[in-house]
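Subject: Handing over the model

Hello,

Here is the structure I promised to pass on to you. Please have a look at it first, and then read my notes below.

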Amino acid sequence: MTTGIGMQSGTFRTSAAGVRLQPGMQLGDYVIGEALWPLRIADAYRANGPLGPATVYVVHAAVAANPQVRDQVIAGTRAAAALPEHKHLVRTLAAGLTGEILWIATEEVDGSLVRELLAKKRRAQPSSSSASMSGGPGLGTRAAGNLIAGVAAALAETSHGALDAESVVVSRTGRVRVIDLALGAGTLAAMLAGLIPQQSSIAPELLAGTPPNPAGDVYAVGALLYESLVGSPLERGGPRPSDVVQGVNTQIDEVVARACHREASKRFGRVDVLGEVVTESLSKGGAMMTALVPLLDKRDTLDQQVSLAAQINDGPSVSGNPVIDRALAAALADSTEKWLVSKGKLDYGPFSLADVVTQIEKGDIVAGNIIMDKDTGARVDVGEHPLLGPMVETARQQRDAARRAQAEVVVQSRDKTRGVMLYAFIGAGVIGVVVAVYFIIAAVRKDETTKVAGINALEGASLKVNVSMPKKPPPIKRAGGKRPGGSTRPGGNQGTEDLSLDMSDESDEGGETLDMGRVYGTYSRYGGQLGGCLQRTGEGQANIYINIDGPSGKVKFVKINGKTAGPLFSCMSGVLRGMKFPSINGPRTRAEFDISM
């Protein structure tokens with residue numbers, strides 16, 4: 001049985017999935033058109049809005065009625081709307097409540113869901129034998145590589161929380177875009193509330209209640225890689241990609257196993273690092289040339305619980321570790337100077353990868369230092385980099401071994417000297433031992449002082465910047481008690497409440513805010529990195545506006561010199577969004593400060 005309810009210029013009918021709207025109905029400034037897709041917690045529609053064609057997502061009634069889930073949908077929508085434009089992300093435009101209908105509007109989505117592409121491929125290959133002969137039941141290696149590269153780039157600076165094959169659209173030109181970032185947190189909350197089934201693509205810790213985070217997205221992207229190759233969702237006991245896709249070797253199995261490890265600490269450190277590994281491997285037909293991923297033990301099926309400590313054995317090795325041999329060969333062949341290294345408050349470089357490897361061997365670059373690709377802005381701890389991480393660990397072990405060997409020589413020499421002198425001149429022997437110990441301690445102290453010098457190629461370099469104390473922007477005064485950008489709700493089902501997504505214009509009055517001194521104490525530690533952005537872009541100074549989310553302490557909105565785009569914005573935004581301010585009970589804190597060289 002269906003129930004029709006009149007509202008503005010159209011009607012809607014409730015269904016088992018949620019609310020089914022008829023063309024012509026108006027939600028806020030958007031007029032609904034034809035239905036697009038049913039998603040996990042919403043239905044998508046074509047629509048026309050004030051800026052032209054758009055897509056509107058209508059959240060299912062049962063989901064919108066749950067207060068906790070509804071709050072997560074609204075929070076996820078606000079976070080998505082605050083992000084800068086990205087070619088692999090569909091931009092969130094507006095959201096509102098029309099009667100009891102919770103809806104979200106985004107820019108127009110053009111293309112096919114990955115979920116639909118996989119279903120079409122399965123229908124075209126009903127038998128396993130025909131799938132094997134055609135290269136696999138999934139999308140193919142190159143398509144899968146392009147898919148993961150686009151998704152990883154989209155999620156490099158944000159977290160989704162519930163990424164799945166229905167979260168991504170591929171256009172006719174091959175452009176990959178994540179469409180439901182605003183629904184990610186709400187979808188996860190709906191799973192935890194038992195409103196929709198839990199999925200194998202969601203990391204175990206998220207299903208246990210942990211909020212969305214980068215490690216959870218690494219798991220989901222690994223699961224999407226598996227499904228795009230194999231053609232079916234990730235599951236324990238499922239086939240290995242190398243068993244069903246021609247041209248893919250077993251190291252792709254290891255990429256999936258590491259990305260989808262049950263322990264978050266054993267996964268890839270960042271989504272964009274996983275994207276680089278997958279792109280490198282699948283662009284070469286599945287042969288991992290430079291992505292250093294340990295092999296699992298040989299198994300008949302993909303098992304996420306297997307230890308990742310098994311070693312690669314590809315034949316003779318110069319260094320005794322074939323992983324490091326291959327990495328060194330690839331690094332020394334790369335002469336492009338595009339890598340920056342951050343130590344403390346200073347950035348050094350640019351270096352070629354060969355220069356970076358040399359400094360790793362000397363111990364000038366260690367785990368905890370940040371390496372950044374100056375062309376793309378991608379940043380990662382050098383100890384977690386898929387190529388450099390094993391080198392950092394091996395170099396550390398070699399330095400420790402050398403120190404132990406040197407200490408043993410010193411001890412043996414000292415004992416021999418003391419034995420001889422004991423029989424000849426006991427008194428002189430005692431004095432000799434004291435002198436020897438003195439010089440050994442002095443030498444060790446001198447060695448430790450020298451090693452603090454930092455990166456060898458730029459020893460002694462410094463970057464002087466001036467960072468002003470922050471000032472709090474004046475509060476935004478709003479007339480008539482209206483919500484920003486929308487009308488008040490007088491009651492009934494006719495009014496529309498705007499969820500006010502432009503975070504740059506929201507007032508922070510009425511709640512706790514951070515003291516400006518505490519704000520300065522946090523961002524002043526990043527003066528070197530912000531100064532590095534000025535230096536690289538040729539700017540001498542910048543006015544910076546930031547909006548700090550209260551509960552998380554993360555920067556959610558950035559303006560540089562009044563702009564939200566450009567080289568200086570891109571560089572500084574990456575630094576600012578990586579800061580962690582003290583958390584508060586209030587909604588947000590706004591601050592403005594200047595930096596100059």
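A residue is called buried under 20% relative accessible area, exposed over 50% and partly exposed in between, with a 1.4 Å probe and protein chains only. Before the findings, please keep in mind that this is a predicted model, where local features need pLDDT of at least 70 and side-chain atom pairs count only at pLDDT 80 or more, while totals for chains, interfaces and linings use all residues. Residues are numbered from 1 along each chain as its sequence is written, and side-chain values use heavy atoms, leaving out hydrogens and water.

Let me start with N213. N213 counts as buried because its relative accessible area is 18%. Its place is in the loop between α7 (204-207) and α8 (214-230); helices here are DSSP runs of H or I with at least four residues, strands are runs of E with at least two, and both are numbered from the N terminus. The side chain of N213 reaches the backbone nitrogen of A215 at 3.1 Å, and a polar atom of that side chain lies 2.8 Å from the backbone nitrogen of G216. Leaving aside residues up to four places away in sequence, N213 touches S159, E205 and L206 (contact means heavy atoms within 4.5 Å).

Now to the strands, where two count as paired if DSSP finds at least two bridges between them. Strand β4 (residues 26-27) runs antiparallel to β5 (residues 30-38), with 2 bridges joining them. L27 stands opposite Y30 in β5, and G28, in the hairpin of these strands, takes a positive phi near 60 degrees. A hairpin of 3 residues then leads from β5 to β6. β5 and β6 (residues 42-49) are antiparallel and joined by 4 bridges, with A47 in β6 as the bridge partner of I32.

Further along, there is an open sheet of 4 strands in the order β14-β13-β15-β16, with antiparallel pairing. Its edge strands, β14 (346-351) and β16 (379-381), each pair on one side only. Between β15 (residues 370-373) and β16 there are 3 bridges, and M372 stands opposite R379 in β16. Helix α13 (residues 353-362) packs on this sheet, touching β13 (339-343), β14 and β15.

For the overall picture, the protein chain has 18 helices and 21 strands, and buried residues make up 46% of its 597 residues.

Enjoy looking around!

Conventions:
Polar contact = N/O pair within 3.5 Å; in protein donor to acceptor, adjacent residues only side chain to side chain. Axes fitted to C-alpha atoms, helices over the stretch in contact; angles between N-to-C directions.
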